[in-house]
Amino acid sequence: MLWTSALCLSFAVYREACRWLTSWLCALFAVAFNDCKGNQDVQFEVSHPDFVVDEEGRLSPRRDVIDSGTVMFIHGQSIHSDDMAQVDILGAPPRSPQTLRVKKIFKEILGLGQIPYRQRRSLLVPPMFVPENQRPPFPRSIGKVISADMEENHVFHLTGKGADQDPKGVFRINRLTGEVAVQRPLDREAIAMYYLQVSTTDLSGKVVEGPVALEVSVIDQNDNRPIFQESRYAGEVLEGSPTGTTVMTMTAYDADDPNTENAVLRYHISKQSPSKPSPNMFYIDPEKGDIVTVISSSLLDRETLPTTQYELEIVAKDMAGSDVGLTGTATATITITDKNDHAPEFTHSLFQATVDEGSTGVIVNLTVDDRDDPATGAWRAVYSIINGNVGQSFEVHTNPDNNEGMLSVVKPLDYENTAYHTLLIKVENEDPLVPDVGYGPSSTATVHVTVLDVNEGPMFFPDPMVVTKRENVPVGSFVATLNATDPDILQTQSIRFALLKDPAGWLTVNPVKGTVNTTAILDRESPFVRNNMYSAVFMATDNGSPPATGTGTLVITLEDDNDNAPYVSPSVARVCEDAKDLNVVVLGGQDKDIYPNAEPFSIELGKQPGLEKTWKVSRINNTHAQVTLLHNLKRANYNLPLLVTDSGVPQLSNSTEIKVQVCTCKKNKMDCNSAWLVRSSMPLCLGLALLSILCEYPSHDVPTSPQGTGG
């Protein structure tokens, strides 16, 4: 008969004496086993290698215990009974101060209650724990698997990653006793948990029990320092920010177990540079890593601080900041950024400038002071003219290199009109000022501009001067009288004229009176004439000291005379000797003259007799006519006389001719040269050829003589 066993718990007696991190050199509780036969020769076996049930039946540690895990098993066996009990150990995370409490799995006996029925478990595999970074010797026992049905011909097997799978050989199991051992140092940061399986087989390999899961946890050691992702961090805080303003957050990482204090980090500032005006201008939250301002807002003034950048050396320490914790460091650079709390001010209330009349460009640079951060919108200046710029002759722009205002003349000034100008100029920032700061009197300045008198050149009026003349007027004809005045009205000066540019050489000018006359025939069709207009440039010079010069343009619009005879194009046409379509060419009339001295044109046959029997010219429109053959001609070159007449008054006619080539056409190819060359290369037959032509065409019927057939 198999009797149910129980554990008689005496934990209350030892509660205060047995703490987790003590040496455990005291019994946890007494084990009560009842086989109903007096409990003689009872043997106990504990799954955890660091615990044993002593001769007095007490569960006690063999040595100092770092971690017992959360479960262990006790196997009791006598000649009358065989049973197991499970012990659940409850408490805080591993290696944290805690009090062990043992939970009863079964009700206590000794009169405290009845023992319920419990199903017997044959193969018990407790979770096991191995500290990382252990030193030799190896192997080291880490626990024991208990089998209630173990027989002499049964053996234990361990499988899974860490046993017979990569990484192979990390753990092994005693085939006979079930004791599990680790064979080399472990690294929790590489593998934190091993998942294995335990089974028992007979000698033939047949599985008797299992497989049952075995979890081996690697206990963390503090072997990793906190690490910041970057060695240097940058943050900004606006000047005048209130105390407690968050600047930035520093975060480090620790590869150790996050559930232990090995990875619990604490931050602190070890050094501030520079240390003025206070060595504790900033504070870092020990747990969150938030850097906040400690200095008052009035002292956090960028313009009065010794520097605009502070460097903080930040230390992160694990073990919750304890003395034994490992550390990592990084540097935080904090920049005090600017706000626009200072208005720009002119360095002088009055600026002086002089400028020659008639000139443009920068006349004075306006300087300002601004205590805000250079190269920011709170420092960059914007200038404006708020008074005195009546004719919009002045503009002011900011020099991007030095922030000065460049006052420029953009429209030439006239000394004779106004010799002095007074401008009022205002300076502001690109960014608006903070609410409690405004622009004062120093943000405006006065500029006195003195215009210097300069001997100015004479000015033509009108410029350009436009006149109309007919082409072909006689040489010496009057064209125009130039008008030029001296703008220096306060001086009495004389003006002389000269011809500066006359492309065709048609003109001359009287140096005193400025009268312009022709020295050659004006030709509207000249290449120097564009759109019926001819341009010449004249120069006027005063007698000032030094003399000044002005220029003006004379534009002559030329009226057309009918002085060019018309002509036709194209001048060469081709036709096949066996052509069905006897239309030879469409001729277009052209004339260098313009309407009404050009089209409509009259295009007709020349006055030679007999042309009308072979040729016909038909009018198409005012400018074009069609040339047609009345019958086919033999292969040769023919010169066709034509008469072209324009519509001018009086009319002009032009007797001209076009060449008509009658060619041999075969397979869409026109041959106008080869046969002719053969004919012209046979001098012995030349006379016979001419005689043949004369016999074929009576003299009064020949339209033209083919080129090359006669002398």
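Biologist: Which residues does Val584 touch, not counting residues up to four places away in sequence?

Modeller: This is a predicted model, in which local features need pLDDT of at least 70 and side-chain atom pairs count only at pLDDT 80 or more, whereas totals for chains, interfaces and linings use all residues. Residues are numbered from 1 along each chain as its sequence is written, and side-chain values use heavy atoms, with hydrogens and water left out. Contact means heavy atoms within 4.5 Å. Once residues up to four places away in sequence are set aside, the partners of Val584 are Ala573, Arg574, Trp615, Gln626, Val627, Thr628, Leu629 and Val660.

Biologist: Val584 is one of the residues that touch the most other members of the largest nonpolar core. Which strand gives the most to this core?

Modeller: A nonpolar core is a set of buried Ala, Val, Leu, Ile, Met, Phe, Trp, Tyr and Cys residues joined through side-chain atoms within 4.5 Å, where buried means under 20% relative accessible area, exposed over 50% and partly exposed in between (1.4 Å probe, protein chains only). The largest has 26 residues, and Val584, Trp615, Val627, Leu642 and Ile658 touch the most other members. At least two residues come from each of β45, β46, β47 (602-605), β48 (615-619), β49, β50 (636-645) and β51; strands (E, at least two residues) and helices (H or I, at least four) are DSSP runs numbered from the N terminus. The strand that gives the most, with 5 residues, is β50.

Biologist: Over how many bridges do β46 and β49 pair?

Modeller: Two strands pair if DSSP finds at least two bridges between them. On one side of the account, β46 (residues 583-590) runs antiparallel to β44, joined by 3 bridges, and Ser569 has Gly588 as its bridge partner. With β49 (residues 624-629) the sense is again antiparallel, and Asn583 stands opposite Thr628. For β46 and β49 the number of bridges is 5.

Biologist: What is omega for the cis peptide bond from Ser569 to Pro570?

Modeller: Most residues other than glycine have a negative phi, and most peptide bonds are trans. A cis bond joins Asp166 and Pro167, with omega about -5 degrees, and Pro167 lies in the loop between β12 (154-160) and β13 (171-173). Pro570 lies in the loop between β44 (567-569) and β45 (572-576). Its cis bond from Ser569 has omega near 5 degrees.

Biologist: Asn133 is not a glycine, and its phi is positive. What is its relative accessible area?

Modeller: Asn133 lies in the loop between β9 (128-131) and β10 (140-144), with phi near 65 degrees. Gln392 also has a positive phi, about 55 degrees, and is found in the loop between β30 and β31 (394-398). Asn133 is partly exposed, its relative accessible area being 33%.

Biologist: Is the disulfide of Cys576 and Cys665 left-handed or right-handed?

Modeller: Taking a disulfide as a pair of cysteine sulfur atoms within 2.5 Å, the whole structure has 2 of them. In one, the sulfur atoms of Cys576 and Cys665 are 1.8 Å apart; Cys576 lies in β45 and Cys665 in β51 (residues 653-666), so the pair ties together parts that are 89 residues apart in sequence. The other, Cys663 to Cys672, is right-handed with 100 degrees about the S-S bond, and both its cysteines are buried. For Cys576 and Cys665 the torsion is about -85 degrees, so that disulfide is left-handed.

Biologist: How many residues apart in sequence are the parts that Phe346 and Tyr383 tie together?

Modeller: Rings of Phe, Tyr and Trp (its six-membered ring) pair if their centres lie within 6.5 Å; planes under 30 degrees apart count as stacked, over 60 as edge-to-face and the rest as tilted. The count comes to 8 aromatic pairs, and Phe346 with Tyr383 is a tilted one, 6.1 Å centre to centre and 50 degrees between the planes. Phe346 is buried at 9%, as is Tyr383 at 7%. Phe346 lies in β26 (residues 345-346) and Tyr383 in β30 (residues 381-387), so the separation of the parts in residues is 37.
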